[in-house]
Amino acid sequence: MPRTRRCSFCGYEFPQGTGIMYVRDDGSIHWFCSSKCRKNGIKLKRDPRKLKWTKYYRKEEKAT
């Protein structure tokens with residue numbers, strides 16, 4: 001049974017064998033489901049709670 005991973009930026013699950021693994025200098029590992037999530041998280045340094053297409057945004061909206 002293939003393991004699913006959770007995207008570090010948007011929060012959605014994606015199957016093993018896909019996606020991008022990013023390792024920071026401090027040794028922390030971040031998994032991204034697409035280049036869109038990778039660019040928004042690393043290059044553009046955006047907050048996932050402020051983007052409507054992420055799961056974390058929906059979680060914040062539901063709490064309020």
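A: Buried is used here for a relative accessible area under 20%, exposed for one over 50%, and partly exposed for values in between, with a 1.4 Å probe and protein chains only. The model is predicted, so local features need pLDDT of at least 70 and side-chain atom pairs count only at pLDDT 80 or more, while totals for chains, interfaces and linings use all residues. Residues are numbered from 1 along each chain as its sequence is written, and side-chain values use heavy atoms, with hydrogens and water left out.

F9 has a relative accessible area of 3% and is therefore buried. Its place is the loop between β1 (4-6) and β2 (13-15); helices (H or I, at least four residues) and strands (E, at least two) are DSSP runs, numbered from the N terminus. Contact denotes heavy atoms within 4.5 Å. Beyond its neighbours within four places in sequence, F9 is in contact with F32, C37, N40, G41, R46, P48, L51, W53, T54 and Y56. K39 is 30 residues away from F9 along the chain, and the two C-alpha atoms are 9.8 Å apart.

F9 also belongs to the largest nonpolar core, whose eight residues are C7, F9, C10, F14, F32, C37, I42 and L51. Such a core is a set of buried Ala, Val, Leu, Ile, Met, Phe, Trp, Tyr and Cys residues joined through side-chain atoms within 4.5 Å. In soluble globular proteins, nonpolar side chains tend to be buried together. For F32, the contacts outside four places in sequence include C7, F9, F14, C37 and I42.

N40, one of the contacts of F9, lies in helix α1 (residues 35-43). With a relative accessible area of 7%, N40 is buried as well. A polar atom of the N40 side chain is 2.8 Å from the backbone oxygen of K36. Setting aside neighbours within four places in sequence, N40 is in contact with F9, K45, R46, L51 and W53.

K45, among these partners of N40, sits in the loop between α1 and α2 (55-63). The phi of K45 is near 50°, a positive value in a residue other than glycine. Most residues other than glycine have a negative phi.

Methods:
Polar contact = N/O pair within 3.5 Å; in protein donor to acceptor, adjacent residues only side chain to side chain.
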